[in-house]
Amino acid sequence: MKLDILAFGAHPDDVELGCGATIAKEVSLGKKVGIVDLTRGELGTRGSAAVRELEAAKSATILGVSVRENMGFADGFFINDKNHQLEIIKMIRKYQPEIVLCNAVDDRHIDHPKGSSLVSDACFLSGLLKIETEIGGEYKKNGDQNKCIITSNGKILNLIL
Ligand SMILES: [Zn+2]
């Protein structure tokens, strides 16, 4: 499924807090939007991963997004390395978004800038022909590289025209 916009957040609720209104507006204009949460938010002080999962599903329905997935990375401890980048590359190639949204590059919670760097690096790498990924049993060498990466504080990291 091709999406117009793919929004990544380190934790379930980051996307809603960072760009929920933008997503609602774009969906109302007919755009296909997806959300990918990097972790289940299991280290959150309030609530639990199970509650967050229910909230994320309800939020996805309210926002009208086409898909919402969770990478299941370790909350607080995921890193920006080859293995994590390859998993994000698969998501980008699977949905071929024109625009990718991600966390702010600077923020108090360590997962937010880490997630931003991880997604930004994976966006770049997703366009490289020699990085091969398998998606749903289908072997893919290259996806359509996204054109724009925007962080939740509005910084444009990469614009490819
Ligand atoms: Zn967060």
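**Close-up views of a predicted model**

Gln 85 is placed in helix H3. This is a predicted model, in which local features need pLDDT of at least 70, side-chain atom pairs count only at pLDDT 80 or more, and totals for chains, interfaces and linings use all residues. Residues are numbered from 1 along each chain as its sequence is written.

View 1. Helices (H or I, at least four residues) and strands (E, at least two) are DSSP runs, numbered from the N terminus. Gln 85 counts as buried because it has 21 C-beta neighbours inside 10 Å. A residue is buried if 20 or more other C-beta atoms lie within 10 Å of its own, exposed if 12 or fewer, and partly exposed in between, with C-beta atoms placed from the backbone. Leaving out residues up to four places away in sequence, Gln 85 touches Asn 80, Leu 118, Asp 121, Ala 122 and Leu 125; two residues are in contact if their C-beta atoms, placed from the backbone, lie within 7 Å. Between Gln 85 and Ser 120 the C-alpha to C-alpha distance is 9.4 Å, although 35 residues separate them in sequence.

**View 2. The largest nonpolar core, with 32 residues.** A nonpolar core is a set of buried Ala, Val, Leu, Ile, Met, Phe, Trp, Tyr and Cys residues joined through C-beta atoms within 7 Å. The residues with the most contacts inside this core are Leu 6, Ala 7, Phe 8, Ile 92, Val 100 and Val 119. At least two core residues come from each of S1, H1, strand S2 (33–39), helix H2 (49–63), H3, S4 and helix H4 (111–126). H3 gives the most, with 5 residues. Phe 8, when its neighbours within four places in sequence are left aside, is in contact with Val 36, Leu 38, Val 100, Leu 101, Cys 102, Gly 115 and Val 119.

**View 3. Buried and exposed residues of helix H2.** H2 has 15 residues and reaches 20 Å from its first C-alpha to its last, close to the expected 21 Å, where the expected span is 1.5 Å times one less than the number of residues. Arg 52, Ala 56, Ala 60 and Leu 63 are buried in H2. These buried residues line one face of the helix, because they fall within an arc of 75 degrees when seen down its axis; the arc is that of the directions from the helix axis to the C-beta atoms. An α-helix has 3.6 residues a turn, so residues three or four places apart point the same way. The buried residues of H2 pack against H1, S2 and strand S3 (67–73). On the other side of H2, the exposed residues are Ala 50, Leu 54, Ala 57, Lys 58, Thr 61 and Ile 62. Gly 64 follows H2 and has a positive phi, near 80 degrees.

**View 4. Positive phi at Asp 13 and Gln 96.** Asp 13 lies in the loop between strand S1 (5–9) and helix H1 (14–28). Its phi is near 110 degrees, a positive value in a residue other than glycine. Asp 13 counts as partly exposed because it has 18 C-beta neighbours inside 10 Å. Gln 96 is in the loop between helix H3 (82–95) and strand S4 (99–102), and its phi is near 45 degrees, likewise positive in a residue other than glycine. With 16 other C-beta atoms within 10 Å, Gln 96 is partly exposed.
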